[in-house]
Amino acid sequence: MKKVLFLCTGNSCRSQMAEGFAQKEGWEAFSAGTKPEDEVNPLSIKIMAELGIDISHHKSESVNEYLKEDFTLIATVCDNARESCPLFTGNFIHTIHYGFNDPAKAIGNHHKIITVYRQVRDEIGAWVEKLNKEYM
């Protein structure tokens, strides 16, 4: 089975969504942050549940937890994580980056904010589907 690690800064939104989509595809998937938040963002949990993907059990973790593991793919999903990502001491075959907008920075009323979360979720879902064809 292919093993992937999705990296983001806070590991509360984008990387968690990517991990959820990848697990749905059958991958051994993990996510971590360079500066992890205390918990997974509740709106991320809500909008993933709309698609039948349960990430409510996920935890926001530090990338340091995974530095000595081996991965098929290391994927950064935000520009900040790409720039501050530590050197991996484990083996990996591929690295890839795609800088998604941070839905946690969305402003406006609840409808506008949830719309941004759904848009980013759908972009990540399409990207993971593409990765599944290219790397897995």
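Leaving aside its neighbours within four places in sequence, which residues is N41 in contact with? Before I answer, please keep in mind that this is a predicted model, in which local features need pLDDT of at least 70 and side-chain atom pairs count only at pLDDT 80 or more, while totals for chains, interfaces and linings use all residues. Residues are numbered from 1 along each chain as its sequence is written, and side-chain values use heavy atoms, with hydrogens and water left out.

So, to N41. With contact meaning heavy atoms within 4.5 Å, N41 touches S12, C13, A104 and Y117, once its neighbours within four places in sequence are set aside. N41 sits in the loop between β2 and α2, where helices (H or I, at least four residues) and strands (E, at least two) are DSSP runs, numbered from the N terminus. Its relative accessibility is 16%, and N41 therefore counts as buried, given that buried means under 20% relative accessible area, exposed over 50% and partly exposed in between, with a 1.4 Å probe and protein chains only.

For background, most residues other than glycine have a negative phi.

Let me turn to helix α1, residues 14–24, which is mostly covered, with nine of its eleven residues buried. Those buried residues are R14, S15, Q16, M17, A18, E19, G20, F21 and A22, and what covers them includes the strands β1 (3–8) and β2 (28–33) and the helices α2 (42–49) and α4 (110–134). After α1 comes G26, which has a positive phi near 95°.

How does α1 pack against α4? Their axes, which are lines fitted to C-alpha atoms over the stretch in contact, with angles running from 0 to 180 degrees between N-to-C directions, come within 9 Å and cross at roughly 45°. The two helices are therefore oblique to each other, since angles under 35 degrees count as roughly parallel, over 145 as roughly antiparallel, 65 to 115 as roughly perpendicular and the rest as oblique. On the α1 side the contact is made by R14, M17, A18, F21 and A22, and on the α4 side by Y117, V120, R121, I124, G125 and V128. These residues divide into eight nonpolar, one polar and two charged, where Ala, Val, Leu, Ile, Met, Phe, Trp, Tyr, Cys and Pro count as nonpolar, Asp, Glu, Lys and Arg as charged, and the others, Gly among them, as polar.

Against α2, helix α1 packs at an angle of about 30°, with the axes 10 Å apart, and these two are therefore roughly parallel to each other. Here M17, G20 and F21 of α1 meet S44, I47 and M48 of α2, a contact with four nonpolar residues, two polar and no charged.

Finally, the core. A nonpolar core is a set of buried Ala, Val, Leu, Ile, Met, Phe, Trp, Tyr and Cys residues joined through side-chain atoms within 4.5 Å. The largest one has 30 residues, of which F6, W27, I124, W127 and V128 touch the most other members. β1, α1, α2, β3 (71–76) and α4 each supply at least two residues of this core, and its largest share, eight residues, comes from α4. Apart from this core lies another, of eight residues, including L5, L7, L67 and I74.
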